[in-house]
Amino acid sequence: MEINATYTSLVAVGDSFTEGMSDRKPDGSYRGWADVLAGRLAARTPGFRYANLAVRGKLIGQIVDEQIDAAAAMKADVVTLVGGLNDTLRPKCDMGRVRGLLGEAVERLAPSCGRLVLMRSPGRNGPVMERFRPRMEELFAYVDELAARHGALVVDLYGAPALGDPRLWDVDRLHLTADGHRRVAEAVWQTLGLAPEEDWRAPLPAAVPPGWAARRAADARFAKEHLAPWIGRRLTGRSSGDGRAPKRPELLPYEAPAGG
């Protein structure tokens with residue numbers, strides 16, 4: 001990979017991870033690693049263009065149906081594709097179908113862009129991670145296979161212990177904090193052959209674990225504010241992304257948003 005390569009455009013495809021939850025900006029919208037990466041690329045390339053088609057809650061089939069053709073038509077220098085993890089977290093998941101759809105997405109995107117970037121997504125250490133680890137690892141093994149077949153890059157976030165640290169995850173236990181997203185942006189930056197600016201794998205400083213009462217309070221808040229609504233959506237067939245449009249549906253010149 002060329003060091004300090006020049007890229008003039010970026011299209012990000014996926015779900016809430018790429019939309020930027022839970023890296024909340026002062027106006028209530030989400031920033032996220034893709035926005036951070038676009039801002040850094042734009043700072044070194046005048047006229048840099050950026051689109052983010054990702055929408056929270058999307059399954060891999062919805063990503064294929066709603067985002068892939070639009071992304072391919074943009075002919076960007078770099079396209080990032082992260083999808084399938086929402087499928088693996090469902091009680092019932094046809095991994096053969098997930099692999100097939102992810103393969104279809106890669107086959108359609110790889111010829112249309114200068115560089116396709118795939119990811120082995122991070123996971124928060126804990127019981128949820130352990131329950132779904134076999135599916136996740138099956139998905140990530142296929143990501144590696146697709147990358148080798150189509151000449152794509154892979155950012156291995158799953159293999160970085162620091163990104164499993166609960167302190168880098170929001171209270172919903174599903175989405176990274178601002179610091180977590182910043183680390184992901186740095187990981188992609190380096191994978192694209194750009195000079196490192198920090199060690200995104202560096203562990204967080206040691207800290208005193210929260211006491212029993214604090215843990216129980218956090219569990220209760222999580223169950224009320226996040227787990228119960230999530231279960232409700234599953235039971236009614238709804239998604240957090242229903243009716244929601246991408247935040248940057250067109251490949252346009254990047255401008256740093258007011259307020260950061």
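What span should the 14 residues of helix α7 (residues 178–191) have at 1.5 Å a residue, and how far apart are its end C-alpha atoms? The expected span, taken as 1.5 Å times one less than the number of residues, is 20 Å, and the end C-alpha atoms are 20 Å apart, which agrees. The model is predicted, so that local features need pLDDT of at least 70 and side-chain atom pairs count only at pLDDT 80 or more, while totals for chains, interfaces and linings use all residues. Residues are numbered from 1 along each chain as its sequence is written, and side-chain values use heavy atoms, with hydrogens and water left out.

Helices (H or I, at least four residues) and strands (E, at least two) are DSSP runs numbered from the N terminus. The charged end of arginine 40 sits over the ring of tryptophan 189, 4.1 Å from its centre (CZ of Arg or NZ of Lys within 6 Å of the ring centre and within 35 degrees of the ring normal).

Three aromatic pairs are counted, with ring centres within 6.5 Å and planes under 30 degrees apart taken as stacked, over 60 as edge-to-face and the rest as tilted. The rings of phenylalanine 17 and tryptophan 33, with centres 5.9 Å apart and planes at 40°, are therefore tilted.

Note on methods. Phe/Tyr/Trp six-rings, centres within 6.5 Å; stacked < 30°, edge-to-face > 60°.
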